[in-house]
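Work through the exercises below with the sequence and the model open. Each task is followed by a solution in steps.

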Amino acid sequence: MHIVCVCGLGMGSSLILKMTVDKALKELGATGHEIEHWDAGTVDSRGADLIVTSSDFQERFAGRDNVIFVKNVVNTAEVKEQLKAYLEANRLL
């Protein structure tokens with residue numbers, strides 16, 4: 001699965017979120033995922049199976065069913081919980 005972590009510029013919080021997502025997936029025992037970090041504009045022009053971003057972008061990505069919104073990009077427990085729910089709901093875990 002191709003996972004993209006998104007922030008406004010694609011440099012700061014998306015990179016931190018990428019590391020958090022990677023750690024959470026390892027804790028879940030999920031393998032075979034490609035994780036990248038991009039800015040919000042790039043994700044529209046390129047495909048992603050799953051977008052993980054902060055709750056600040058809820059309006060930007062409203063209506064999409066492949067987006068996970070997190071409140072704290074460094075909170076591994078929160079990200080892990082969100083990822084687990086998404087992966088289980090989509091029979092990917």
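**Exercise 1.** Decide whether Met 19 is buried or exposed, and find the surface group to which Met 19 belongs.

Solution. Step 1: Met 19 has a relative accessible area of 52%. Step 2: the classes are buried under 20% relative accessible area, exposed over 50% and partly exposed in between, with a 1.4 Å probe and protein chains only. Met 19 is therefore exposed. This is a predicted model, in which local features need pLDDT of at least 70 and side-chain atom pairs count only at pLDDT 80 or more, while totals for chains, interfaces and linings use all residues. Residues are numbered from 1 along each chain as its sequence is written, and side-chain values use heavy atoms, with hydrogens and water left out.

Step 1: Helices (H or I, at least four residues) and strands (E, at least two) are DSSP runs, numbered from the N terminus. Step 4: Met 19 forms a nonpolar surface patch with Leu 15, Ile 16 and Val 74, and together they have about 350 Å² of accessible area. Areas come from the Shrake-Rupley method with a 1.4 Å probe, and for residues only the protein chains shown count as cover. Patches take residues with over 30% relative accessible area and no salt bridge; nonpolar side chains (Val, Leu, Ile, Met, Phe, Trp, Tyr) are joined within 5 Å, like charges within 9 Å.

**Exercise 2.** Describe the largest nonpolar core and name the element that gives the most to this core.

Solution. Step 1: such a core is a set of buried Ala, Val, Leu, Ile, Met, Phe, Trp, Tyr and Cys residues joined through side-chain atoms within 4.5 Å. Step 2: the largest one has 18 residues, and Leu 17, Val 21, Leu 25, Val 52 and Leu 83 have the most contacts inside it. Step 3: two or more residues each come from strand S1 (2–7), H1, strand S3 (50–54), strand S4 (67–70) and helix H3 (76–89). Step 4: H1 gives the most, with 5 residues. As background, nonpolar side chains tend to be buried together in soluble globular proteins.

**Exercise 3.** Classify the aromatic pair, and identify the charged residue that lies over the face of Phe 61.

Solution. Step 1: rings of Phe, Tyr and Trp (its six-membered ring) pair if their centres lie within 6.5 Å; planes under 30 degrees apart are stacked, over 60 edge-to-face and the rest tilted. Step 2: there is 1 aromatic pair in the structure. The ring centres of Phe 57 and Phe 61 are 6.5 Å apart and the planes stand at 50°, so the pair is tilted. Step 3: Phe 57 is buried at 18% relative accessible area, and Phe 61 is buried at 1%.

Step 2: Arg 60 lies over the face of Phe 61, 5.2 Å from the ring centre. The criterion is NZ of Lys or CZ of Arg within 6 Å of the ring centre and within 35 degrees of the ring normal.

**Exercise 4.** Compare sequence separation with C-alpha distance for Val 79 and Thr 20, and for Gly 63 and Leu 28.

Solution. Step 1: Val 79, in helix H3, is buried at 0% relative accessibility. Its C-alpha atom is 7.2 Å from that of Thr 20, 59 residues away along the chain. Step 2: Gly 63, in the loop between S3 and S4, is exposed at 84% relative accessible area. Gly 63 and Leu 28 are 35 residues apart in sequence and 27 Å apart in space, C-alpha to C-alpha.

Conventions. Salt bridge = Lys/Arg side-chain N within 4 Å of Asp/Glu carboxyl O.
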